[in-house]
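The stops below go from helix packing to aromatic rings.

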Amino acid sequence: GGLALNFNSADMNGDGLVNLADIGAFSTAYYSGTNPFEADFQRNGSVDLGDIGLLAQGQGAACP
């Protein structure tokens with residue numbers, strides 16, 4: 001067997017920073033209605049308002 005990892009980052013656009021650009025990416029995912037994994041920060045199978053709080057907590061962080 002393999003190692004199952006369930007991790008997603010608030011750095012949604014992969015530029016190494018969590019900033020306003022990631023809010024735009026989250027907004028696109030939120031309104032798409034498809035519940036993409038990368039925007040489901042609660043890992044509950046749904047992109048919803050609870051994920052916004054977790055995105056906000058990451059704002060200003062650098063992701064090496």
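Axes here are lines fitted to C-alpha atoms, for helices over the stretch in contact, and angles run from 0 to 180 degrees between N-to-C directions. Helices are DSSP runs (H or I, at least four residues), numbered from the N terminus. This is a predicted model, in which local features need pLDDT of at least 70 and side-chain atom pairs count only at pLDDT 80 or more, while totals for chains, interfaces and linings use all residues. Residues are numbered from 1 along each chain as its sequence is written, and side-chain values use heavy atoms, with hydrogens and water left out.

Select α1 and α2. Their axes come within 11 Å and cross at roughly 170°. That makes the two helices roughly antiparallel (angles over 145 degrees).

Next, show the side chains at this contact (heavy atoms within 4.5 Å). From α1, pick D22, I23, F26 and Y30; from α2, pick L49, D51, I52 and L55.

The ring centres lie 6.1 Å apart, within the 6.5 Å limit for a pair, and the planes are at 15°, so the pair is stacked (under 30 degrees). F26 lies in α1 (residues 20-32) and F41 in the loop between α1 and α2 (49-58), so the pair ties together parts 15 residues apart in sequence. F26 is buried (under 20% relative accessible area) at 4%, and F41 is buried at 10%.

Move to Y30 and Y31. Their ring centres are 5.0 Å apart and their planes at 90°, so this pair is edge-to-face (over 60 degrees).

Finally, select F26, Y30, Y31 and F41 together: ring pairs link them into a cluster.

Key
Phe/Tyr/Trp six-rings, centres within 6.5 Å; stacked < 30°, edge-to-face > 60°. Buried < 20%, exposed > 50% of the residue type's maximum accessible area, 1.4 Å probe, protein only. Parallel < 35°, antiparallel > 145°, perpendicular 65-115°, else oblique.
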